[in-house]
Amino acid sequence: MWFAFAIEGIVSLEKLKFSLPEDKKITILLGHVALSIAQAEKNIDVKNSNTGDILKVPYDSLIIALGSLPFIPQIKGAKEALGRGVFVLHEIEDARNIIEYAGRSKKAVVVGAGPIGLEIAVGLSKNGLDVTVVEMLANALPRALDKDMAKLVESSVKGGGIRLIMNKSVSSINGSPVSSANVGEEIIETDMVILASGVRANVDIAKNAGIEVGKWGIRTNSRMETNIKGIYAVGDCIETVSLIDHRPTIMQLSTAAYRQGMVAGTNAAGGYDTYEGALGTFVSLVGDLEVAATGFNEFSAKEAGFETISGKAQGKSKPEYYPGSKDITVKILADAKTGRILGAQAVGEGAGARMNVLSLAIRTGVDIYSLARTEMAYCPMLAENYDVLNKACDFAVRRMNR
């Protein structure tokens, strides 16, 4: 998330503010809140936050893009200390408050070792705070990485002076302002706690309007249309499907939301477009380490009923003799019966570029046999002759042939 890099000081908060280009056909109601949808009358009740006035805004087509809400876990003392040492990171003002509070703090606890939690931890650490990250699952980035790949990230984070506590939860946050946090049997002194424990789809307005909501969010078809004709939904508030097994899932990534918005906008305006589903392709920079993944990891593949084989290879971003060569590790998961690629992970220089290739391979049905033989560009100043991606595929192929 961009806000995490503002906390580190890489970008300014002002540069994170977006605005639409001026267009006479676009009316922007800032400082207004949508209260309810009257789908029979085709209008929305909207409240002016400054005056309290209620407006009725009519529509022919409606696109719901309410996003998500930060999840606040059941931690004793968490809600009571919100804004007084306990923070979520959801809006620009949240980032501003964290930056201000961190400026007079010495220690911080981050709850959650997902991409946002780790990015925030690095940002706070680089600003001189003593940082501890607490993750209730067995490894960092648990939704994306397998344990062996996560160890590479964890080692890098620890090397930067950040303490990681896995397989434990914060049971209590003490004080308001915050003075400490209970993690298992340990009491950790801290000035602030960042809750990076995920988000939940914002669905209440849709649900109250009679729009169907599934396990993960608002249900839509491939045209991004809900069960009510003319009402579409996109982004973090919706439930989508996996491109691999076509089961309902949640995919709260900006790349997915952007594509969904394009599809919904086209259809709402009378055109035709479809969104088939998502792979969860992502890339993050945790400190100086590039981390990326796409598709299933071992846990999600097993949960979906696949028997998998894997190929993992370590390599260099350039030939070892060339200046600036850096480590990269790639892991590929494939269906043990067919060789169909189910997912991949990469840690190191060029991780994101490899995941883009693998995302396309999964989407178009390229198997590990074909990908192993894919001709990759080579130049000593830019790439290895035997790319680590080809190497990982070759290792997976050998396991298929056993």
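**The second largest pocket and beyond**

A: Two helices, α6 (254-268) and α8 (351-364), each supply at least two residues of the lining of the second largest pocket. Helices (H or I, at least four residues) and strands (E, at least two) are runs assigned by DSSP and numbered from the N terminus. The model is a predicted one, in which local features need pLDDT of at least 70 and side-chain atom pairs count only at pLDDT 80 or more, while totals for chains, interfaces and linings use all residues. Residues are numbered from 1 along each chain as its sequence is written, and side-chain values use heavy atoms, with hydrogens and water left out.

The second largest pocket holds about 370 Å³ of space. It is lined by 15 residues, of which Thr 255, Arg 259, Tyr 275, Gly 277 and Arg 363 are the closest to its centre. A pocket here is an open set of points for a 1.4 Å probe on a 1 Å grid over the protein atoms alone, with protein on both sides within 12 Å along at least five of seven lines, and a lining residue has an atom within 4 Å of a point. The points are joined across faces, edges and corners, and the volume is the space filled by probe spheres set on them. Helix α6 gives the most to this lining, with 3 residues. By kind, the lining divides into 7 nonpolar, 5 polar and 3 charged residues, where Ala, Val, Leu, Ile, Met, Phe, Trp, Tyr, Cys and Pro count as nonpolar, Asp, Glu, Lys and Arg as charged, and the others, Gly among them, as polar.

Turning to charged pairs, side chains of opposite charge can pair when their charged atoms come close. The whole structure has 17 salt bridges, each being a side-chain nitrogen of Lys or Arg within 4 Å of a carboxyl oxygen of Asp or Glu. One of them joins Lys 312 to Asp 148, with the closest N and O atoms 3.0 Å apart. This pair links distant parts of the chain, since Lys 312 is in strand β21 (residues 308-316) and Asp 148 is in helix α4, 164 residues apart. Lys 312 is partly exposed because its relative accessible area is 37%, and Asp 148 is also partly exposed, at 28%; buried means under 20%, exposed over 50% and partly exposed in between, with a 1.4 Å probe and protein chains only.

A further salt bridge holds Arg 219 and Glu 239, whose closest N and O atoms are 3.6 Å apart. Arg 219 is partly exposed at 41% relative accessibility, whereas Glu 239 is buried at 9%. Arg 247 pairs with Asp 245 in a salt bridge with a closest N to O distance of 2.7 Å, and Arg 247 is partly exposed because its relative accessibility is 39%. Some salt bridges share partners, and in this way Asp 146, Asp 148, Glu 298, Lys 312 and Lys 331 are joined into one network.

Asn 139 lies in the loop between β8 (130-135) and α4 (147-159), and Asn 139 is buried, with a relative accessible area of 9%.

Thr 226 is placed in the loop between β15 and β16 (231-233) and is buried at 7% relative accessibility. Leaving aside neighbours within four places in sequence, Thr 226 is in contact with Ile 211, Ile 218, Arg 219, Thr 220, Ile 231, Tyr 232 and Ala 233.

Lastly, there are 2 aromatic pairs in the whole structure. The rings of Phe 296 and Phe 306 have centres 6.2 Å apart and planes at 50 degrees, so this pair is tilted. Phe 296 is in the loop between β20 (289-295) and α7 (298-303) and Phe 306 in the loop between α7 and β21, so the pair ties together parts that are 10 residues apart in sequence. Rings of Phe, Tyr and Trp (its six-membered ring) pair if their centres lie within 6.5 Å, with planes under 30 degrees apart counted as stacked, over 60 as edge-to-face and the rest as tilted. Both Phe 296 and Phe 306 are buried.

Technical notes: Contact means heavy atoms within 4.5 Å.
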